[in-house]
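Hi,

Here is the structure I promised to send over. Have a look at it first, and my notes on what turned up follow below.

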Amino acid sequence: MTDFTTIRNLNDYECILAPMTCNAGVSFSMPDAAGDAGKAAITQAWKYTVARYECLQVRLKARDDDASQGVLGQRFTIEKSSSVEDAIEIAFHEKVPVEAKSGSTSGDAAISLLQHLQLHGTTKVEWTKSSYNLEFYQCNVDKDDDKATVTSPGVVAYRMILCLCHSVSDGPGTLSVVRYFLSQLSSCIKVEGGSGASSSDACLRCIDLQAHILGADYGSSVGKDDAAPKDGYFPYLEITKAALGKSDLTFEDGTKILRQEPRQGLPKPDEGSNSGAIEALSIELSEAETAKLRENCKAKGATVQGALNVAFGLVRLALLDHAVPCKIPFQIPMNCRKLTTVAAAPPPADSNSDKKEAKSHHLDDTCLCGSAGLWQLLDVGSTDKILSDLANKSSGMMRKAADDGQPKEWLRRLMNNPAAMPPYALMMSSIGVAPVKGEYDNGLSVKDLIFFGGAKRPPAPSGAQATMVHVQTFGGRLHLTFNYLGVNKIFAEKTVKGLQFLLKMIAGQDTDSDNNAAATDSIDLTVAEVLDKLSSVIKME
């Protein structure tokens, strides 16, 4: 039986994330070593990974003291396993699960990588035993993978399914773990009689990152005077007033505000079809489309994240047949690891004398949950251009919010007075380019990687509705996942179809002009023009 030692209490932000999961799926191939050498290399690489990240050596335990309940619900402590070996949880399977196809004449097909993540991310993680679940499935790359590729003789393919408790990780943290594991696996593969590698990297401790970020503001109260957003942080007092009881969400000039999702009137699932779990649909752009999307956004002074915000907002307006002009309140998760530094571990005694001083460092490579939020209120007018006006403006607002310290204020309000947090209508999360290579040494090749945000929880309360978009780029391809809960599947499918249509349109693959400025002008349409196009693409019955 594994012994555990209490490390610390989770803060309230980490506690509310306990039922949620961060999930990464990886398809990779490696030399087909004789016997169990391949599995041994995978196991050893994961052992090094667990040793590197203390957050993988822990479990959650519900507190039973006088402070067991907080404003945000049940509070937890984290306990550490007595040894790295006791924290190793890994399972191997001979084949990928299949999905029965009604009326199929070719037999059952393997479930997709996204379906696999969705299944495990909502059922597998048992955080009272471990902070993660890790399983490997040997697969036939010609049949079991979403992108069929022929492997050479002597090569074996695997599907890696990693699920992490959100209390100890987030999207960037999960991908950091994947990156480290793959680099270790590449070193552990025995090639031509080699003995593999060993790792001596220092352990990244399970610190309270939010306490480091907030500093003197950690635990500081948010009083009544703070309930309204302030200029420089949350510059839209009107929305907070509306959330606090004002029913009229129309400004004096007639501009409407897109309401919070539970108040948007999203269509509910058909009777008996609501599983209570977070569902997901996805799309992917090609390398050429992704490169062109980035290029066209840059030509108009915008970022891809800004274009994603605009695309999501316009698709939602089209599906709801919402009036324009309007204001769309967004919440945008931000990786806030760079907002703080922590002291580095002391250098080894035998290190060079000029390097013995321990220096502070950012937490880029941690598995900890380092996400905070940015808010923005995007004004959308019918004559606004989607790139040069809206995406450009959205990108600039995110940069200013980050520079003004909005993520820190977001954490302060969440942890001290959640009622003081302004509401939002849409959540768009872009992790950016995944820090994972396609090719590693010793024949390790990564073909695909996707991320899925899930939840390990009982069926959601009746009427609960939420959606979110996750985006990351791997291998030059932009992958978008639309998560939804308590929403009709047809509505979700039309959302994804609309997002794909707009992103491909912005990528402008059908423009023939050699002049990039002219090409982007031809796709930098007005909101009215885009909504007209969307109405024929995703019209709800």
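A quick definition before anything else: I call a residue buried under 20% relative accessible area, exposed over 50%, and partly exposed in between (1.4 Å probe, protein chains only). Asp 404, for example, is partly exposed at 30%. Its side chain meets that of Lys 400 in a salt bridge (2.5 Å, N to O), where salt bridge stands for a side-chain nitrogen of Lys or Arg within 4 Å of a carboxyl oxygen of Asp or Glu.

Please keep in mind that this is a predicted model, in which local features need pLDDT of at least 70 and side-chain atom pairs count only at pLDDT 80 or more, while totals for chains, interfaces and linings use all residues. Residues are numbered from 1 along each chain as its sequence is written, and side-chain values use heavy atoms, with hydrogens and water left out.

The overall picture: 13 helices and 21 strands, taken as DSSP runs (helices H or I, at least four residues; strands E, at least two) and numbered from the N terminus. Of the 541 residues, 49% are buried.

Now the inside. The largest nonpolar core has 67 residues, and those touching the most other members are Phe 28, Met 30, Trp 46, Leu 56, Leu 162, Phe 181 and Leu 185. By core I mean a set of buried Ala, Val, Leu, Ile, Met, Phe, Trp, Tyr and Cys residues joined through side-chain atoms within 4.5 Å. Helix H4 (residues 171-188) gives the most to this core, eight residues. Apart from it lies another core, of 57 residues, including Leu 308 and Phe 482. Back in the largest one, Trp 46 touches Leu 56, Leu 162 and Phe 181, among others beyond four places in sequence; contact here means heavy atoms within 4.5 Å.

Strand S19 (residues 445-455) is worth a look too: 11 of its 11 residues are buried, so the strand is largely enclosed by the rest of the structure. Strand S2 (residues 20-31) runs antiparallel to S19, joined by 10 bridges, and strands count as paired if DSSP finds at least two bridges between them.

Helix H13 (residues 527-537) has Val 527, Val 530, Leu 531, Leu 534 and Val 537 buried. Seen down the axis of H13, these fall within an arc of 115°, so they line one face of the helix; the arc is that of the directions from the helix axis to the C-beta atoms. Asp 532 and Ser 536 are exposed on the other side. Among what covers the buried face are helix H8 (304-320) and strand S17 (371-380).

On to the charged pairs, with 19 salt bridges in the structure. Arg 205 and Glu 54 form one of them (3.5 Å, N to O). Arg 205 lies in the loop between H4 and H5 and Glu 54 in the loop between helix H2 (37-52) and strand S3 (58-62), so the pair ties together parts 151 residues apart in sequence. Glu 54 is buried at 7%, whereas Arg 205 is partly exposed at 48%.

Glu 409 and Arg 412 pair as well, with their closest N and O atoms 3.0 Å apart. Both are buried, and both lie in helix H10 (residues 406-416). Arg 412 is also in contact with Ser 220, which is 192 residues away in sequence but 7.4 Å away in space, C-alpha to C-alpha.

Cheers
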